[in-house]
Amino acid sequence: IYDSKDGAAAGNHEISVGVTAGPHAQVMDFVAKEAEKQGLKVKVVEFNDYIQPDVALEQKELSANSYQHQPFLDNMVQERGLKLVSIGKTILMRMGLYSNQVKSVDEIPDGAVVAIPNDPTNGGRGLALLAKAGLITLKEGVGFKATPADVVSNPKNLQIRELEAAQLPRSLDDVTVAAIPMNYVMSAGIDVAKQGIFLEPKNEPLAVMVLAAREKDKDNPTYKKIAEIYHSPAIKQFIADKFKGTIEPAE
């Protein structure tokens with residue numbers, strides 16, 4: 001049994017985990033049921049923004065949270081001086097290239113119209129994805145901060161259009177390919193197996209979501225157990241049945 005003033009003692013202490021509404025909440029609800037079988041009480045606390053779950057964790061209102069990727073956590077730690085760390089990987093939410101017109105990257109014709117999100121974070125990520133797919137080359141070192149001005153070679157003369165992320169699923173009938181963030185793929189009911197032609201690699205930092213805790217709790221065995229449940233066969237099965245490829249277990 002692990003015990004400290006605000007640590008969780010197994011069996012008699014409720015573990016509160018912050019999540020954002022949607023898939024993170026759905027998966028954590030299932031994790032909580034599995035945890036109960038191991039004698040752990042998990043309370044899932046839902047938030048509707050991306051800042052509060054980290055702030056609440058820092059202020060000891062939560063035991064852990066599950067909603068963000070490592071770069072976002074790193075940024076919160078840096079900008080706000082939070083003493084938080086990742087204690088495990090949870091789920092993958094990979095951005096992908098989707099199409100109703102072609103079945104593979106090789107089939108994309110010269111001069112094809114390719115849509116990417118118009119917000120800086122997802123736009124850069126979309127361009128990086130096109131580069132990973134071998135369709136364009138970006139200026140050295142721009143990474144996810146890339147803009148269309150950073151495209152240094154475009155052998156297929158792709159016409160890159162920037163659209164609002166929420167509009168991208170609907171654009172699939174008008175463009176050859178669209179780079180769509182996974183949450184919009186889910187809400188639009190896009191079939192990843194049928195319409196997805198290229199996904200981010202499974203180790204893409206922006207695709208891998210993490211379970212975060214306070215620094216001093218990084219070795220807390222109870223919280224570690226929650227991280228382990230994410231990798232259990234039961235959770236893998238739940239994710240496969242419920243999300244049909246839009247969300248995958250992190251490896």
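Select V113 first: V113 stands opposite Q159 in strand 9. Strands here are DSSP runs of E with at least two residues, and helices are runs of H or I with at least four, both numbered from the N terminus. The model is predicted, with local features needing pLDDT of at least 70, side-chain atom pairs counting only at pLDDT 80 or more, and totals for chains, interfaces and linings using all residues. Residues are numbered from 1 along each chain as its sequence is written, and side-chain values use heavy atoms, with hydrogens and water left out.

Two strands pair if DSSP finds at least two bridges between them. Both belong to an open sheet of 5 strands in the order 9-6-10-5-11, with mixed pairing. At its edges are strand 9 (159-163) and strand 11 (196-199), each pairing on one side only. From one strand to the next the twist averages 25°. Angles run from 0 to 180 degrees between N-to-C directions, with axes as lines fitted to C-alpha atoms, for helices over the stretch in contact.

Helix 4 lies across strand 5 (96-98), strand 6, strand 9, strand 10 (177-180) and strand 11, at about 140° to strand 6. Contact means heavy atoms within 4.5 Å.

**Six-stranded sheet**

Move to V17, whose bridge partner in strand 3 is A64. Strand 1 (residues 14-20) and strand 3 run parallel, joined by 2 bridges. They sit in an open sheet of 6 strands, ordered 2-1-3-12-4-13, again with mixed pairing. The edge strands of this sheet are strand 2 and strand 13 (248-249), each of which pairs on one side only. Select helix 1 next: it lies across strand 1, strand 2, strand 3, strand 4 (84-92) and strand 12 (208-214), running at about 170° to strand 2.

**Aromatic pairs**

Rings of Phe, Tyr and Trp (its six-membered ring) pair if their centres lie within 6.5 Å; planes under 30 degrees apart count as stacked, over 60 as edge-to-face and the rest as tilted. By this rule there are 5 aromatic pairs. One of them is Y50 with Y67, which is stacked, at 6.4 Å centre to centre and 10° between the planes. Y50 lies in the loop between strand 2 (41-47) and helix 2 (52-58) and Y67 in strand 3, so the pair ties together parts that are 17 residues apart in sequence.

**Largest pocket**

A pocket is an open set of points on a 1 Å grid over the protein atoms alone, where a 1.4 Å probe fits, with protein on both sides within 12 Å along at least five of seven lines; lining residues have an atom within 4 Å of a point. The volume of the largest pocket is about 960 Å³, taken as the space filled by probe spheres set on the points. Helix 6 gives the largest share of the lining, 5 residues.

**Two loop residues**

Finish at K60, in the loop between helix 2 and strand 3. Phi of K60 is near 65°, a positive value in a residue other than glycine.
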